[in-house]
Amino acid sequence: MPKLDLKTAGPFIALVAIFIIGVLVNDAFLSSGNLSNILARSSFIGIVAIGATFVITAGGIDLSVGSMAAFISGCMILLMNALMDSIDSMVVIIILAVIASLGIGAVAGLINGLLTTKAKIEAFIVTLGTMGIYRSLVTYMADGGTLSLNFTIGDIYSEVYYGVFLGLPYPVWVFIAVAVIGYVLLNMTVFGRHCFAVGSNESVARYSAIHVDRVKTATYMLQGVCVSIATIIYVPRLGSASGQTGILWELEAIAAVIIGGTVLKGGYGRIGGTVVGALILTLIGNILNLTDAVSNYLNGAVQGIIVIVAVYLQRGAWRRD
Amino acid sequence: MSEEEHNIVTLSVKNLHKSFGPVEVLHGLDITLRGGEVHAILGENGAGKSTLVKILSGFEPLSSGELLLAKDGGEAELLTEWDNETAERSGVVLIHQEFNLAEQLTVAENIFLGNEIKGRLFLNKKAMKRKAQEYLDILRSEIDPDATVDRLAVSAKQMVEIAKAQAKNARVLILDEPTAVLTQQESQVLFELIERFRQDGVAIVFISHKLDEIEQIADVITILRDGEMVGSYPASKLSKDDMARLMVGRELSSLFPQMPALPNEAEVVLKVSDLLLPGNSKSSSFELRKGEVLGFSGLVGSGRTALMETVLGLRKAAKANRGTIEVRGERANFKQLSSARGKGIAYLTKDRKGSGLLLEKGLSFNFSLFSLHKMSRLLIDTRSEAIAFEKAIETFDIRMKDKSIVAGNLSGGNQQKLLLAKILEAQPSIIIIDEPTRGIDIGTKSQIYHFIAQLIESGHSLILISSDITEIIGLSHRVAVMYHGELSGVLAGDELDEHEIMRYATGLKSKSQNNKPQKNESETSGISNAQA
């Protein structure tokens, strides 16, 4: 069935095409430094987008991820700075911060999930609300400025972002790991099937003895944990957090998911597509940086066009069958 | 409409062919619909009835052949540009099986939708309301023209559709399975209406799977089989057996299988006591025994589905009285369907498309959704899933062009078999099935009845909710009848008679009122109506 192939392969073909454009535009594009930079940068959005794939597949939406990332960054930095006085081992401090980060992410997701399922408020409204709350909290925590990580810790922690294993930066390995786990979870487990079913038709899911509320809440928690993983590898990059951290991440994550072929109305999701979508978005930014033909300021416009075209192609494929 | 305004039309098709892409689905039909006749169209699912009525009403173009319309016995006019709008202007109106009403608008607004009475600038709401009331009066309906449609019962919605057809001055009225969603009583009201339309010279096309209805009201019967015309016959020349035989193309073994008798001392597997539905004052109690089919009869909206869904934890019971549920003597309180499934209870919903199957998902995906926990540990064992699916296709005789199609592309009967396969894969011992044969052709119907008999033979217990009284009587050991959200009685033995059931279903009789003792003692008969 060529139709199905096109649909699965579409995002991948686009990725290859954009890659070729990159090669043609600038020789520096193919340098190992640039390539590993692209991969590392796409890791943040990619990891967040993998969480978003679950939420969207199950028929939800989470707009709060960017603010959540900023808030978790802020919490981690404050916690690590505070622990400096009482704990000697920097590694222990970092591990504690990582654990706290995962906890905050999970709880934040749980709150989004419970508000949508138990309080029965639309996901769009709930996460629009929490988006504002987290953004404002981090600005308040930073007193309107920037929270900076203590230098001594920052030095050690920066290894997480800059360290390299088998030629690839650590964030890329984390991205790969999250993607593989996400793939298995979505495609090979009962939970994954239930996500598809809930997103496809909640009523059918309920009459199939699926715990609809639990599945939906779990997707938001998964999203929260993904945000916290992305944050864990993002904090050492800059060593700071402010009201500007993670801005528009939610849109980039959703864009990556949609470009990858996941259906926004739910019921169908693809982890592989999401990974490709995240790579496409980062590649575009990177190529615009390397060329003078199009201003770098138009990055958002190009991304926007890509999203619209991707959805248009998706719809066409839906219509045909 | 006064007698003088009669305009009798004759709509006919000659050598009608219809193809979808390369596939021809109608192979040369010749049918004439005359004013003042009720023309029944009969055929199994997939025989081409729906396609035919869509062509007649201008929703689908024909591929080749002629459509002819003659007015008042005049010359037949060849219809070339036949779309839905033209059809309705010519008085050819189709009432869809799934209604075409704007749920949020009022009855009057719906009746005149797309056909509004306008003043100079704005809609003339008063005139529309008055006129709507007139139409409803003619139908002897008590529906309030100001009520919003979403609050109406199914039968009332259908009434609105008919009033809408009147507003369009229908001369050819096509009813696609109008009684599928009606109770027998409501159907009779509809038949009276049809009779009045007939006397008024309207040509009526009536599609139904219910042969006794066709026998009752049809003047002419056209039978289709696999898109071919078997023939058009005067209704007086065909018996129900003839109809079934011509439709299926082979002799049907008896529709209802021989049901195994219920042993006297059969263990009670499900006992529901004093369960109160929200908004009701009386609670309901009943018992189901091993190897029994307990029928649930009643009018649409009498609370049969609500009662079962409450038992299963799909709906909440009234706060005042949650009642008690015992499964094989053990107390149970199901908060969600999975706990009921854990106790070996499965529920087949009546809403096949809305709650039963994921129409845009594959067949195997749908099949395993209710029993996935049995096919997986950490990961889903896709091999055992595939094997189970293959087996189910065979056991339930699910027919499809290609295993990779989505559930929405299966015919209604095969969807129902897939749904049955889905819930039975969880290997329940107590099965609650709700309207298992609604909108299904007679061949598949008979198959489903035989599946039910097999289940009973192998020791399963079954609750059968159905609005088809023949089906209820044909399959049930005992019949519980509901009226207005409460059980009005449980009938057994000689009481299992259509009229007796209707008396309970319409509130004329009730076991709690006359306190008539059951054949056994009222304790063991399983039914009592407790005061809340």
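In chain A, 77% of the contacts with a separation of 6 or more join residues 24 or more positions apart. This is a predicted model. Chain A has 13 helices and 4 strands. Chain B touches chain A through 28 of its own residues, which meet 23 residues of chain A.

**Chain A: fold and dimensions**

- Chain A has 321 residues and a radius of gyration of 20 Å.
- A compact globule with that number of residues would have a radius near 20 Å, so chain A agrees with the globule rule.
- The C-alpha trace of chain A spans about 65 × 55 × 35 Å along its principal axes.
- Of the 321 residues in chain A, 51% count as buried.

**Interface of chain B and chain A: extent**

- The two chains bury about 2,100 Å² between them.
- Carbon and sulfur atoms give 57% of that buried area.

- The rule finds 2 salt bridges across the interface.
- One of the 2 salt bridges joins the side chains of B:Glu360 and A:Lys265, at 3.4 Å from N to O.
- Between chain B and chain A, 13 residue pairs are in polar contact, counting pairs with both residues at pLDDT 80 or more.

**Chain B: the side that touches chain A**

- Three helices of chain B, α10 (337-342), α11 (352-356) and α12 (363-368), each supply at least two residues to this side.
- The largest share comes from α11(B), with 4 residues.
- By residue class, this side of chain B divides into 12 nonpolar, 9 polar and 7 charged residues.

**Chain B: the setting of B:Glu292**

- B:Glu292 lies in a loop of chain B, between strands β12 (284-289) and β13 (293-298).
- Is B:Glu292 buried or exposed? B:Glu292 counts as buried, because its relative accessibility is 0%, and the cut-off for buried is under 20%.
- The side chain of B:Glu292 makes a polar contact with the side chain of B:Arg478, at 2.5 Å.
- B:Arg478 is also listed among the residues that B:Glu292 touches, leaving out those up to four places away in sequence.
- Further residues touched by B:Glu292 include B:Leu262, B:Glu287 and B:Ile456.
- B:His460, B:Ser461, B:Leu462 and B:His477 are also in contact with B:Glu292.

Methods. Residues numbered from 1 in each chain as written. Chains lettered and ligands numbered in written order. Predicted model: local features only at pLDDT ≥ 70, side-chain atom pairs only at ≥ 80, totals over all residues. Heavy atoms only, no water. Contact = heavy atoms within 4.5 Å. Buried area = accessible area lost by both parts, 1.4 Å probe. Salt bridge = Lys/Arg side-chain N within 4 Å of Asp/Glu carboxyl O. Polar contact = N/O pair within 3.5 Å; in protein donor to acceptor, adjacent residues only side chain to side chain. Nonpolar A, V, L, I, M, F, W, Y, C, P; charged D, E, K, R; others polar. Rg over C-alpha atoms; globule rule 2.2 N^0.38 Å. Buried < 20%, exposed > 50% of the residue type's maximum accessible area, 1.4 Å probe, protein only.
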